[in-house]
Amino acid sequence: MKKAKLSLLVTSALAASLVLGACSGGSSSSSKKPTSSAGQLADKQVINVLESAEIPTLDSVMNQDVLGSEVLSQVNAGLYRWDQTGKKVIPDIADGEPQYNADKTVLTIKLRKDAKWSNGDPVTAKDFVYSWQRGIDPKTASPYVPYMMDGKIKNATEIINGKAKPEELGVKAIDDNTLEVDLVRPLPYIDSLLTFTSFYPQNQKYVEQQGADYAKDASHLLYNGPFKLTKWDGPAAESWTLDKNADYWDSKNVTLQQVNFNVVKDPQAAVNAYSAGQADITGRLASSAIISQYQGSKDLVQYLEPSMWWLKMNENNPVLKNVKIRKAIATAIDKKAYTNNVLANGSIEADFIVPKEFAYNNGKDFRKGQDAYLKTDKTQAKKLWQEGLKELGKTSVTFTMVGQDTETAKKEDAFIKDQLEKTLPGLTVNIQSVPFKIRIDREDKQDYDLLHAGWGPDYADPMTFMDLFLTGGGQNHMSYSNPQYDKLVKDAQTTLAAKPDERWKALQDAEKILLEDDAALAPLYQRTVNILVNPKVKGLQHNAYSDYSFQWIKVYK
């Protein structure tokens, strides 16, 4: 592997800050001394990490993106978290597993008595009650908490609809160290659900003292997790720093002392920084030319993740209300060429929305035996397009497609534009490449015609994908509605909750309606992650829910 000089595309701020001071077991395994085969620990337990976007917010009840979740999960501790492998849920602030009532709709969770905030206050059950009520309160306007609690936590739906007060949410502090959670129904995925950032605690006194300044930067936040932010100047910041939190209850098992983050949106610049020894972990690399340089190298970490990418189609646009138009768009893109030639990173073409190798029932993958939907068929796409235009009395259409401003995203969007315009006569696609935070805002406001977006799961169940598209759902954001789809998904949430085989079938039938019948959105691919990790850095955990955890990392000589 040839060493490259640091690219001039890496900003001076990056160069200045990157001067180095050089995923299933529980926390007990992280305390084991390194074996002789692992080598000796480095004197300085410091790493430098590259990201491709800024952090939109670090207010846990306002967060709605993966990067925010990743950072929040480093500096905060919820009831539970994912273990070193990212596959098993283990207690964090909770002192053991929940106790259930007979029908598993009420959970009683004991809390650790040694957990505390970075200002010295103890973490109590009241902190969870406050945070959950704040998140569900319509006045807070959380973009994500209502979606995560709707139909799951008792009275959440009523609060969202203005028929109950936030203090009526099904959560209460029995005492400082006992939390009670009332569910609408048994949830087979409740353990993984409670690891999510929407369910993190917040210190009421501190939040209210800060007022509008809460979470505006590192100095206006409290921390109770493995690390604390010692540098972050807010949502526009292109760098931030985590330091080990000595007050974390399990700090004795956290070896890493510091993590320095920098935003680099050009993948080649990121690789150049890594090759020059100025970064230990890169962001996701999507360029085939870059990845090919590292094939077979011990630096390259590659895995298929359960995140899906698709085109959302805004049915507020009368043209996109036409199902033939939507089917034409969904089948006009050569997804094999897209994954093989544009991405060329191991990602697989997707004719589905619930990913492969993610959800299982009795050991059987949700995808096993399932049909593929909306396969590429340019001839049929053109035919449907022309029929749709005729029904609408149009001969040409112009769409605005919103995507991200990274170099990789721009390449992908250019390919999609080319495929659509060449396949569908009379179509013009105008691309608007915007920063990540703005892309999220445009999606929330439905300020787009086509939107290149993705989704990673929040918990280990197909429902984390399927309930996105319920009529009026908090994450629908494209005005899709089908009563039959709604019924199947809601049946899976309620009457079939304790009937796993029937529940599975209902969700599979719903996926068919969403895609094959309605073409509500255009699936593109399931992503394979490629990152570079310094071989001296051991213990990086990746998971499907908050992305990475640095809690168990150790740096060796």
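Author: What follows begins with the helix and then moves to other places in the chain.

This is a predicted model, where local features need pLDDT of at least 70, side-chain atom pairs count only at pLDDT 80 or more, and totals for chains, interfaces and linings use all residues. Residues are numbered from 1 along each chain as its sequence is written, and side-chain values use heavy atoms, with hydrogens and water left out.

Start with helix 11, residues 335-343. Helices (H or I, at least four residues) and strands (E, at least two) are DSSP runs, numbered from the N terminus. Which residues of helix 11 are buried? They are Lys-335, Ala-337, Tyr-338, Thr-339 and Leu-343. Buried means under 20% relative accessible area, exposed means over 50%, and partly exposed lies in between (1.4 Å probe, protein chains only).

What do these buried residues pack against? Three helices are on the list: helix 9 (288-294), helix 10 (323-331) and helix 13 (407-423). Three strands join them: strand 12 (348-349), strand 17 (450-455) and strand 18 (521-532).

Asp-334 caps the N-terminal end. One of its side-chain oxygens lies 3.2 Å from the backbone nitrogen of Lys-336. After the helix comes Ala-344, with a positive phi near 45°.

Positive phi turns up elsewhere too. Asn-362 has a phi near 55°, and it is not a glycine. Asn-362 sits in the loop between strand 13 (360-361) and strand 14 (364-365). Is Asn-362 buried or exposed? Its relative accessible area is 69%, so Asn-362 is exposed. Leu-374 also has a positive phi near 55° and is a residue other than glycine. Leu-374 is in the loop between strand 14 and helix 12 (378-392). Its relative accessible area is 6%, so Leu-374 is buried.

Arg-367 is in the loop between strand 14 and helix 12 as well. Why does Arg-367 count as buried? Because its relative accessible area is 8%. The side chain of Arg-367 makes a polar contact with the side chain of Glu-511, at 2.9 Å. A polar contact is a pair of N or O atoms within 3.5 Å; within protein, one must be able to donate a hydrogen and the other to accept it, and residues adjacent in sequence count only if both atoms are side-chain atoms. Leaving aside neighbours within four places in sequence, Arg-367 is in contact (heavy atoms within 4.5 Å) with Phe-352, Val-354, Pro-355, Lys-356, Tyr-373 and Glu-511.

Next, the rings. Rings of Phe, Tyr and Trp (its six-membered ring) pair if their centres lie within 6.5 Å; planes under 30 degrees apart count as stacked, over 60 as edge-to-face and the rest as tilted. The count comes to 18 aromatic pairs. One of them joins Trp-310 and Phe-469. Their centres are 5.8 Å apart, the planes stand at 70°, and the pair is edge-to-face. Trp-310 is in strand 11 (residues 300-313), and Phe-469 is in the loop between helix 15 (463-466) and helix 16. The two are 159 residues apart, so the pair links distant parts of the chain. Elsewhere, ring pairs link Tyr-144, Tyr-147, Phe-196 and Trp-455 into a cluster.

Val-207 lies in helix 7 (residues 204-210). Its relative accessible area is 6%, so it is buried. Beyond neighbours within four places in sequence, Val-207 is in contact with Tyr-130, Arg-134, Gln-202 and Tyr-214. Leu-221 is 14 residues along the chain from Val-207, and their C-alpha atoms are separated by 8.2 Å.

Ser-549 is in strand 21 (residues 548-549). At 5% relative accessibility, Ser-549 counts as buried. Its side chain reaches the backbone nitrogen of Gln-551 at 3.3 Å. With neighbours within four places in sequence left aside, Ser-549 is in contact with Gln-74, Gly-539, Leu-540 and Gln-541.
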